[in-house]
Amino acid sequence: MAATMLKAGSGTQLLELFGPMTETIGETLSSLVGKQIHVQTGELLLQDVATLLATLPRACAIARGGLDKDYAGKSLCTLFELPDAIAMSGLLMMTPEDVIGQRRKAGVLEGEDSEAFGELGNVLYSGFSNVLRRQVSNADIRMQDQGVVKPKSAACDLLGDGKIVTFGFRMKVGEFPESQGMLVLDQATAEAWNGAPLATASGQEVVAAAPAAPGRPEDDGLDSIPAAPIRGSLAAFVLQNDVFQTLRRSCRRVGLELHRHGRGEIPNPAAHRNQIVVLEVPPGEDRRFDWCRRIKELSETTPVVLLIRHPSRPRVTQAFLSKADAILGFPCEETQLSQKLGQIVPDGSATPPPSEG
């Protein structure tokens, strides 16, 4: 079978599970290897293993996680392009960067790099386990084994055979070139986690986009809002898709360029001068109040907006003490957020921040 498209809304719960898992990749592995790893979610596809192997663009390292409890015997695999698997393993082992570069070109994951990749998998699947236990009843996962698959392979024991669901992502390790990766799960387990069958739309070969992909156009009512002239720039440190979509609409209405930052990034006050900074503060992430306080201490003229999920009197008090310029509970109306943003656009902020790299 060719990779096929899902009907709109068919894979909603699965997307809501795989999205946080891919965010965990960047957050977890960045802290391990000591380099910023940016991960952006891509597409959800329904295909079979033979199709995947036939269309794989380059060799990939596979970390296979074994599922437990109600899903014992099933697997969730994570594929990384081989050069990045080698780079992350070398960074974990504190290998000199010139040696890492040589090993990336050689394209061989062996010896201490192979052992390090297994350790990366152990920590990664521990993070996946936290996500899975929150969102799927009676399920758990741990690192099982690893391997390498090459393009146009006839078979791959780690991936099995039959129909699978793949969830793609783009990643960038430090200054190395951007690469592709994916999560792979058998169709039956994917449908169980989705809570419904994955209905396909016949004749299509591209699927619905995952939520929260920065910069990806979505049918969220954006086109119905007149685009205001650009007045400034906004740096968004948000976690959930609903917050990001509300911000997109507000920025269009107010005239702000929107720059979304990764889940694992911490605001650098010096990098956000002449920008508005928006921080989502979900339960358990109260350190974000400290981020706000630090920004205001080092750059009083940088406006900071706090969007507090499940606001309470103590959390709102924390927000005031952090010297935020605007505080809103979330969910909130887009027009309410737009009004707040319009009031605090700093003069001279239309110059976008310097591009990275």
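**Exercise 1. In which sense do strand S3 (residues 60–69) and S4 pair, and over how many bridges?**

Keep in mind that you're looking at a predicted model.

- Step 1: Line up the two strands. S3 and S4 pair in the antiparallel sense, over 7 bridges.
- Step 2: Pick out a facing pair. Arg 64 stands opposite Cys 77 in S4.
- Step 3: Check the turn. The hairpin of S3 and S4 has 5 residues between the strands, and Gly 73 takes a positive phi near 95 degrees there.
- Step 4: Look for another partner. S4 also pairs with strand S7 (residues 179–186), in the antiparallel sense over 5 bridges, and Leu 76 stands opposite Leu 185 in S7.

**Exercise 2. Work out how many residues of strand S4 (residues 75–81) are buried.**

- Step 1: Sort the side chains by direction. Ser 75, Cys 77, Leu 79 and Glu 81 point one way, while Leu 76, Thr 78 and Phe 80 point the other way.
- Step 2: Apply the cut-off: buried means under 20% relative accessible area. Cys 77, at 3%, is therefore buried.
- Step 3: Count. 7 of the 7 residues of S4 are buried, so the strand is largely enclosed by the rest of the structure.

**Exercise 3. Find out how many disulfides the structure holds.**

- Step 1: Start from Cys 77. The nearest cysteine sulfur belongs to Cys 156 and is 7.3 Å away.
- Step 2: Compare with the cut-off, which asks for sulfur atoms within 2.5 Å. Cys 77 is in no disulfide.

**Exercise 4. Describe how helix H3 (residues 82–92) and helix H5 (residues 111–135) cross.**

- Step 1: Take the axes. They come within 8 Å and cross at roughly 90 degrees.
- Step 2: Name the arrangement. H3 and H5 are therefore roughly perpendicular to each other.
- Step 3: See who touches. Among the contact residues are Ile 86 and Met 88 of H3, and Phe 117 and Leu 120 of H5.
- Step 4: Classify the contact. Its residues divide into 7 nonpolar, 2 polar and 2 charged.

**Exercise 5. Which strands stand at the edges of the open sheet of 5 strands?**

- Step 1: Write down the order, S10-S9-S11-S12-S13, with parallel pairing.
- Step 2: Read off the ends. S10 (256–260) and S13 (326–330) each have a single partner strand, so one side of each is left without a neighbour in the sheet.
- Step 3: Neighbouring strands are turned by 20 degrees against each other on average, direction ignored.
- Step 4: Zoom in on a pair. 5 bridges join S11 to S12, and Glu 280 stands opposite Leu 307 in S12.

Terms used:
Residues are numbered from 1 along each chain as its sequence is written. This is a predicted model: local features need pLDDT of at least 70, side-chain atom pairs count only at pLDDT 80 or more; totals for chains, interfaces and linings use all residues. Side-chain values use heavy atoms; hydrogens and water are left out. Axes are lines fitted to C-alpha atoms, for helices over the stretch in contact, and angles run from 0 to 180 degrees between N-to-C directions. Helices (H or I, at least four residues) and strands (E, at least two) are DSSP runs, numbered from the N terminus. Angles under 35 degrees count as roughly parallel, over 145 as roughly antiparallel, 65 to 115 as roughly perpendicular and the rest as oblique. Contact means heavy atoms within 4.5 Å. Ala, Val, Leu, Ile, Met, Phe, Trp, Tyr, Cys and Pro count as nonpolar, Asp, Glu, Lys and Arg as charged, and the others, Gly among them, as polar. Two strands pair if DSSP finds at least two bridges between them. Buried means under 20% relative accessible area, exposed over 50%, partly exposed in between (1.4 Å probe, protein chains only).
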